[in-house]
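Have the sequence and the model at hand while reading.

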Amino acid sequence: SIKGNHKLNYAIYNDKIEKKVLLESKIEVEMESALQNKEFQVYLQPKVDLSTLKILGAEALIRWVKKDGTIVYPNQFIPIFETNGFIEKIDLFVLEEVCKYLCCRKENRESLCSIAINQSRQLLTNPNYINLIFEILDKYEIDSSLIEIEITETLYIENKDILLKAIEKLHERGIKLSIDDFGSGYSSLNLITEIPADILKIDRAFLVYSEESEVKNKVIKKVVQLAHELDMKVVCEGVETSKQEEFLCDIGCDMAQGYLYSKPIQIPEFESLILL
Ligand code: C2E
Ligand code: MG
Ligand code: MG
Ligand code: MG
């Protein structure tokens with residue numbers, strides 16, 4: 001009966017929630033020791049210049065590599081860390097790992113590359129946090145122009161004034177700012193008029209559906225033009241086919257990132273890739 005089905009659905013739903021809660025509390029119990037035991041690892045995904053097809057940088061993406069080798073992906077734990085506050089430690093950890101890497105490859109002037117790190121929006125609206133970023137850059141004597149900070153668009157801009165101050169401080173220091181996942185949220189147009197970003201990253205979902213949709217292609221083309229008019233560079237993420245690459249070249253998109261070039265890889269692997 002319908003009633004019976006209802007009960008069953010409810011039971012399945014309940015079971016799902018229970019599992020989710022269990023998984024979340026497991027993550028919370030394990031996170032501190034995981035950080036100490038070096039289970040968090042920074043992977044790098046190459047970013048390619050579309051006019052030369054050469055690697056000119058990378059994005060740092062965190063992975064939780066468990067003792068038994070299983071990999072937990074950021075979508076499973078970043079939102080939890082954003083609620084319980086652990087995100088600060090994690091985002092600073094990623095920055096520090098990236099700085100260590102950039103520091104040890106300082107001699108390779110001929111193969112300079114910049115690295116983008118994802119920083120939770122809520123951290124940047126804590127005025128003190130920017131100083132923590134600068135402390136790490138100082139510690140490793142990193143040329144700030146090699147660091148980009150990616151923030152995602154959200155429904156509305158919280159603490160806009162503080163965020164703008166933070167961006168100003170980052171800019172004074174020479175750090176670039178990217179708007180990540182552009183086109184996936186609701187506030188896109190507002191965001192680019194209110195946040196002085198240097199780079200616009202078009203969300204993967206936009207490109208995926210563009211193959212079936214002439215309209216989407218037109219929109220991507222216009223977004224690239226708009227970004228250029230606002231003095232921003234454009235990165236398209238999630239490029240998987242050469243057809244997509246060709247399209248992006250045609251419309252003058254600056255950079256691309258995606259499985260067509262490489263998945264996110266461990267730092268030594270990335271290093272050998274750029275020295276090729
Ligand atoms: P994101 O910053 O938009 O990163 C791009 C995501 O798309 C990555 O997922 C990447 O592996 C995936 N990707 C790249 N190219 C392709 C492609 O061609 N095809 C497909 N199907 N996927 C592709 P990942 O690594 O799972 O990261 C998910 C999200 O987690 C990131 O999205 C970012 O928002 C967040 N994140 C990752 N690392 C950090 C971090 O250290 N701190 C913070 N705050 N957030 C992070
Ligand atoms: Mg990103
Ligand atoms: Mg993105
Ligand atoms: Mg994304």
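## Polar contacts of the ligand

A polar side-chain atom of E237 is 3.5 Å from an oxygen atom of ligand 1. The model is a predicted one. E240 also places a polar side-chain atom by the ligand, 2.5 Å from a nitrogen atom of ligand 1. The backbone takes part as well: a polar backbone atom of I62 lies 3.2 Å from a nitrogen atom of ligand 1.

How much of ligand 1 does the protein bury? On its own, ligand 1 exposes 800 Å², and the protein buries 87% of that area.

## The pocket and its shell

Ligand 1 takes up the space of the largest pocket. Two or more residues of the shell around ligand 1 come from each of these elements: β2 (54-65), α2 (74-84), α3 and β6 (176-182). Which element gives the most to this shell? That element is β2, with 4 residues.

In total, 24 residues surround ligand 1. The closest are R63, D91, D180, E240 and Y259.

## Helix α3

Helix α3 covers residues 87-104, which makes 18 residues. From its first C-alpha to its last, α3 reaches 26 Å, close to the 26 Å expected at 1.5 Å a residue.

The buried residues of α3 are I87, I90, D91, L92, F93, V94, L95, V98, C99, Y101 and L102. One of them, D91, is also among the residues closest to ligand 1. An α-helix has 3.6 residues a turn, so residues three or four places apart point the same way.

Definitions and conventions. Residues numbered from 1 in each chain as written. Chains lettered and ligands numbered in written order. Predicted model: local features only at pLDDT ≥ 70, side-chain atom pairs only at ≥ 80, totals over all residues. Heavy atoms only, no water. Expected span 1.5 Å × (residues − 1). Buried < 20%, exposed > 50% of the residue type's maximum accessible area, 1.4 Å probe, protein only. Near = heavy atom within 4 Å. Polar contact = N/O pair within 3.5 Å; in protein donor to acceptor, adjacent residues only side chain to side chain. Areas by Shrake-Rupley, 256 points an atom, 1.4 Å probe, with all protein chains shown as cover. 1 Å grid on protein atoms, 1.4 Å probe; cavity = no way out; pocket = protein on both sides within 12 Å on 5 of 7 lines; lining within 4 Å. Sits in = over half its atoms within 2 Å of the grid points.
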